[in-house]
Amino acid sequence: MPQNYRLRVNGQARDVTVEGDTPLLYILRNDLELSGAKFGCGLAQCGACTVIVGGAAVRSCRTEVGSIGNREIATLEGIGTDEKPHPLQKAFIEEQAMQCGYCINGMIMSAKALLDRTPKPTEVQVKEALAGNLCRCGSHNRIVRAILRASTEART
Amino acid sequence: MNTEITRRDFGVALGGLVIAFSMAPRPAAAAEAGGRLPAMLAANKRLDSWLHVDPVGTMTVHTGRVELGQGNTTALAQIVAEELDLPMIRIRMIPVDTSVSPNEGVTAGSNSIEAGGAALRAAAAEARAILMQHASERLGVPAGELILDDGLIFTRDGSKRTSFWEMAADNPLAKEASGAVAPKPAKDHKIVGQPVQRIDIPDKVMGRPVFIQDMRLPGMVHGRVVRPSNYNAELVRLDDAAVRKMPGVISVVRDGRFVGVVAEREEQAIAARAALAKAAVWRTREPLPDAANVHEFLKSRPDVDTKTVNEKGAAGTAVAKTVEATYRKPYLAHASIGPSCGAAGFVDDNLTVWSHTQGPYPLRGDIAKAAGLPIEKVRVIHTQGSGCYGHNGADDAAFDAALLSLNAGGRIVKLQWMRDDEFGWEPFGSAMTMAARAGLSADGSIVDWQYDLWSCTYNMRPGARDGVNLLASWHLAKPFEHATAQELGLPAGGGDRNAVPVYDFPNQRIVDHFIPDMPLRVSALRTLGGFGNVFALESFMDEVAIAAGADPVAFRLKHLKDERARAVLEAVAGKAGWKPGAKSDGGRGRGVAFTRYETTKSYVALIADVAVDRASGMVRVERVTAAVDAGQAINPDGLKNQIEGGIIQGASWTLKEQVAFDKERITSRDWVGYPILTFPEVPSVDVTVIDRPELPSLGAGEASQGPIAAAIANAIHHALGVRVRDLPFTPDRVKTAIAQG
């Protein structure tokens, strides 16, 4: 039976009525119209659907809405604005760190979780943190450069 | 029928790109074209089918090229901005829409800039001249006395003025291109040649809806498909009664062995798909060949069509030494991160299809055929998808969505393939065998070159002369046949792409053994046969160089007259600090490789540095140095991005990738079964661009993919003294090669 869930998404309370085992990904994309997180595999293998729940990067394709409780959800849309982009968003533009951009949500959100706990990571730490995020276009080196660039900027 | 959707809804849904005018394109027959017009402009002569002046102060550009993630939209916008002296911000690039855009066929073959850019440049140059002439007539001032600045046109003293935007209502571009206006010389370029930032990236980093997967239209519902258990399986039974009662299910569609479901919510469609898959009983009809011997199986097909595609000199030249080797390439997957997606529904009584296809017009034709609709009742609108590296599932997903919509009262159905649909059903790049034999003269020069290749087709796209190349059409109760498999023909080639060496050999013979049979579904994958052929050719050049006791770089230069080819090799050797005769420490090695893509496009030379762990056989590519000459680089950073990406994707193909299958089905159905290179495994890449602004741009998007495989193979040989000739170079293969010495 569908139930009511009050989710805390990007600092706002959002109410949805869905089955408890509904993956968070579809709620974000279809009910809340937040397109950042992408469906890539539905198997928690590629990272395209990454969002941050309670401070940790999670695969929203395998996160059931009923398991979230009161934890804060942050999505790509919520971390910056056009006027005040997150340092990662700015750095990804400056480094032109993508080709198609389908995986980029996962790259930025996984990197954000990394920088939130390790503000000045080494290149090796960045690569290890993204080891489970797949990119097919071969933009890896630009992505790593963008994350290192963002890590050197003052946090806003 | 869904008629409440307005044009505005589409525009909003697709990132604000509204189709704002209704002028129908009138493609002129190519035969009428003047000799000076670029081919694509000759085929679509009306200037207003390419460029439209908007009164609000923007120049709308209709290109027939689609954005595949390669950044061509930005480069094409730069070309238009340059010729019209407009800032980039005034250029509005409209995704291809068969109701308004010029027909440029398929965006493929690294042709967007070389062919599509040439057409837009000529159109924009002529548009500028027409607009200036129009202003001159309006103001009564000779065109030569007018100044153009950011679309404003005025006399020196400012007493008379107008603008592109003010003249929009006069429709000055409603004429055919004449080809009479020369584009700007390269020395005057201010925007072309600059590393302008990609126009699509800000939306992507902010998470705005950009991709077809992000489309949300009023009343839209969600579809999923259930594919047969293997390519030819027959549907014996499908008890769908329980599925029809599942929450949100709107309809279950069964037509022959095509099975799909439409539901209100996406996760409901996914759950219904899983239930339908369990309920379906299939009978396998034709098993797949033995994966371990698939290359021999393909070579032994009875209908193999053998042709000498290139020959020069005389056979039987006296040689002092003969070298021979055979190389193999497995079936490879496109493996886009985002599975294929399509949306379709009836809008204004037309079947409207949104697709990330490479060829909106060819797709439109095949959908019309398969759906039994007149072609003018089908409209295809390109919407970006996940990175595209050739003919993936995009066209098939579009037709899947159309079929489901036709069975759901014309409602707009959006459908994304699941991960296992993508890996199991996309058309793969064909497995190939390449056999080379070279004769060396007493002084160590190649005097005879014999090369044979075996490959299935690399082109089963929609838009073929016969048949319908859409997956679901083959599964209907009244099935369509796929097109006849054909080889494409040099110089671009298909399986034989890049089979003809760029080197100057006095005697050579290139034989293409084309395999019409397709036990696994195949079509275009980045480079087509170029990856296998350049891997073989450039591995073999190293083998022959070693047999001749020569340095691999010097040996290549000795056989190359083309100055631009020599220049990229010399540049990369200089940048990487190549030292002839440098010894390996037994674990590290470096290898070089060169190609000219399609033998007529970009020149690329690479040097790969690898480290091999002898105990495990694990190969790590640490660094790749590259030099590229693509003629005039429209956007040098975009060019570098393509070369870097091709190197990394090519390294992934080389080290890790092969489609796995058993007797029944494709078994590599997820990222565990089909692993690709990950961040910790990616080499650093350093690209040098040899810019030649005075020369035409050359296609570059696929150019680095072939040489990376050979550079890695050559580096492994340098490190270990053993040769690996079967892709991919998995640890087991490398260990076996070491053991065999």
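A nonpolar core is a set of buried Ala, Val, Leu, Ile, Met, Phe, Trp, Tyr and Cys residues joined through C-beta atoms within 7 Å. A residue counts as buried if 20 or more other C-beta atoms, placed from the backbone, lie within 10 Å of its own, as exposed if 12 or fewer do, and as partly exposed in between.

This is a predicted model, where local features need pLDDT of at least 70, side-chain atom pairs count only at pLDDT 80 or more, and totals for chains, interfaces and linings use all residues. Residues are numbered from 1 along each chain as its sequence is written, while chains are lettered from A and ligands numbered from 1 in the order in which they are written.

**Exercise 1. Find the residues that touch the most other members of the largest nonpolar core.**

Step 1. This core has 274 residues, and Leu606(B), Val628(B), Ile712(B) and Ile716(B) touch the most other members. Helix H4 (residues 112-139) of chain B gives the largest share, 13 residues. (Helices, H or I, at least four residues, and strands, E, at least two, are DSSP runs numbered from the N terminus.)

Step 2. Now pick Leu606(B) and leave out residues up to four places away in sequence: its contacts include Val572(B), Val592(B), Ile647(B) and Pro707(B). (Two residues are in contact if their C-beta atoms, placed from the backbone, lie within 7 Å.)

**Exercise 2. Work out how compact chain B is.**

Step 1. Chain B has 17 helices and 24 strands. Its radius of gyration, 27 Å, is close to the 27 Å from the globule rule for 741 residues, so chain B is as compact as a globular protein of that length. (The radius is taken over C-alpha atoms, and the rule is 2.2 Å times the number of residues to the power 0.38.)

Step 2. Along the principal axes, the C-alpha trace of chain B spans about 80 × 75 × 45 Å.

Step 3. Of the 741 residues in chain B, 56% are buried. Among its contacts between residues at least 6 apart in sequence, 79% join residues at least 24 apart.

Step 4. Check the confidence: chain B has a mean pLDDT of 93, with 95% of its residues at 70 or more. (pLDDT is the predictor's confidence in each residue, from 0 to 100.) Residues 1-34 of chain B have pLDDT below 50.

**Exercise 3. Describe where chain B touches chain A.**

Step 1. Here 47 residues of chain B are in contact with 45 residues of chain A. On the chain B side, H15(B) gives the largest share, eight residues.

Step 2. Sort that side by class: 18 nonpolar, 17 polar and twelve charged residues. (Ala, Val, Leu, Ile, Met, Phe, Trp, Tyr, Cys and Pro count as nonpolar, Asp, Glu, Lys and Arg as charged, and the others, Gly among them, as polar.)

Step 3. For the complex, the predictor gives an ipTM of 0.98 and a pTM of 0.94.
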